[in-house]
Amino acid sequence: MTALRAAAVVLGAATVLLTVGSAVRTVVLPRAVVARIGRVVFLTVRLVFRLRIGPSAPYERRDRVLALYAPTALMVLLATWLVLVLAGGTAIFWGLGQGHRGLRAAFDTAGSSVLTLGFARPSDLPSTVVAFAEAATGLLLLALLITYLPSIYSAFSRREALVASLETPAGSPPSPANFLVRLRKIRGLDDMTDLWKEWERWFVELQETHISFPSLVYFRSPLPEQSWVTAAGVVLDTAALAASTLDRPNDPAAQLMLRSGWLALRRVAAYFGLPHATDPRPTDAISVTKEEYDALYDSLQAEAVPLKADRDQAWRDFAGWRVNYDQALIGLARLTDAPPAPWSSDRPYRRAPWYRP
């Protein structure tokens with residue numbers, strides 16, 4: 001029996017330490033480190049939500065249900081942390097002898113300690129030390145979540161401000177054709193440097209926040225037709241068209257924004273284990289077809305947007321830019337169940353032949 005009690009203490013302590021480690025990885029550590037408990041919780045809650053939605057539900061219902069997914073998963077994650085700490089504390093107290101009156105007594109002592117209720121007090125010094133440690137752990141988890149939620153919603157607010165502003169020039173759903181046509185009519189296409197710099201900063205922050213706080217990926221926009229993924233796709237496609245198809249001087253700011261964008265999408269995709277290009281060749285296949293590009297080229301030409309005369313070379317240049325973010329964009333659109341938008345969430349998802357994990 002002594003060996004069994006010792007094993008219970010070791011197992012309980014390991015459970016508490018692993019739980020605290022998961023909380024620190026999730027909330028405190030500012031880098032892309034997978035917290036296994038958090039991942040299991042989010043995958044389990046997602047499965048429940050998917051079962052509730054059903055396989056053939058219209059987008060409106062999917063969006064309405066999935067809007068609750070990320071907040072619900074966060075609350076379940078906190079409950080899971082507390083339950084694991086409570087279970088670990090119960091095992092420790094039972095092993096230290098608090099359970100001589102039964103497992104219920106050990107559970108009461110652990111619950112009283114973790115939730116700082118104080119209705120059950122251990123009688124010996126080792127158990128008292130554990131009670132203090134359990135109380136500190138419970139308070140730590142609550143404090144971490146209290147600071148975690150404002151950080152998440154602050155980053156969410158900054159992300160969505162620029163996403164919402166995209167509706168004015170790019171329409172709803174947004175498209176690169178609308179973006180370029182309206183920009184030409186409203187302000188012209190001669191100087192878009194400030195626009196590209198603004199979105200470059202957005203992508204830099206997106207990479208930092210969505211890897212440090214991966215639950216942000218699943219937070220949906222306030223309006224059902226908006227999404228950070230489709231916004232990213234439209235801006236990148238517009239910059240790729242500006243660099244490849246528009247008949248205007250070379251704009252380094254557009255190319256820097258493109259690189260910032262595809263690096264951000266690749267790294268977020270890599271965190272979630274999504275297949276994506278790591279070092280693609282300009283001639284690799286992309287999900288946008290030549291026919292779709294030609295249709296966009298014709299629509300821009302009809303709106304008197306200045307275009308390069310060599311359409312075939314412009315297509316090859318556009319494909320050479322698009323290949324850098326094509327699969328990451330489509331994978332993230334599928335992961336987040338993004339609203340319908342051209343050239344991103346309307347693409348079939350496939351494993352890239354040049355994917356290297």
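Entry 1: I started with aspartate 237, which counts as buried because its relative accessibility is 1%. My cut-offs for relative accessible area, with a 1.4 Å probe and protein chains only, are under 20% for buried, over 50% for exposed, and partly exposed in between.

**A note on the model.** I am working with a predicted model, where local features need pLDDT of at least 70, side-chain atom pairs count only at pLDDT 80 or more, and totals for chains, interfaces and linings use all residues. Residues are numbered from 1 along each chain as its sequence is written, and side-chain values use heavy atoms, with hydrogens and water left out.

**Entry 2: its partner.** Which side chain meets aspartate 237 in a salt bridge? I found arginine 322, at 2.9 Å from N to O. This pair links distant parts of the chain, 85 residues apart: aspartate 237 sits in helix H10 (residues 228–244) and arginine 322 in helix H13 (residues 311–322). A salt bridge here is a side-chain nitrogen of Lys or Arg within 4 Å of a carboxyl oxygen of Asp or Glu. Helices are DSSP runs of H or I with at least four residues, strands are runs of E with at least two, and both are numbered from the N terminus.

Arginine 322 counts as buried, at 0% relative accessibility. Arginine 322 also meets aspartate 326 in a salt bridge, at 2.7 Å from N to O. Aspartate 326 is buried too, at 0% relative accessibility.

**Entry 3: other salt bridges.** How many salt bridges does the structure hold? I noted 15. One of them joins arginine 50 to aspartate 337, with the closest N and O atoms 3.2 Å apart. Arginine 50 lies in helix H2 and aspartate 337 in the segment after helix H14 (326–335), so the pair ties together parts that are 287 residues apart in sequence. Is arginine 50 buried or partly exposed? At 29% relative accessibility, arginine 50 is partly exposed, while aspartate 337, at 10%, is buried.

**Entry 4: helix H1.** I then turned to H1, residues 2–28, which has 27 residues. H1 reaches 38 Å from its first C-alpha to its last, close to the expected 39 Å, a span worked out as 1.5 Å times one less than the number of residues. Its buried residues include Ala8, Gly12, Val16 and Thr19.
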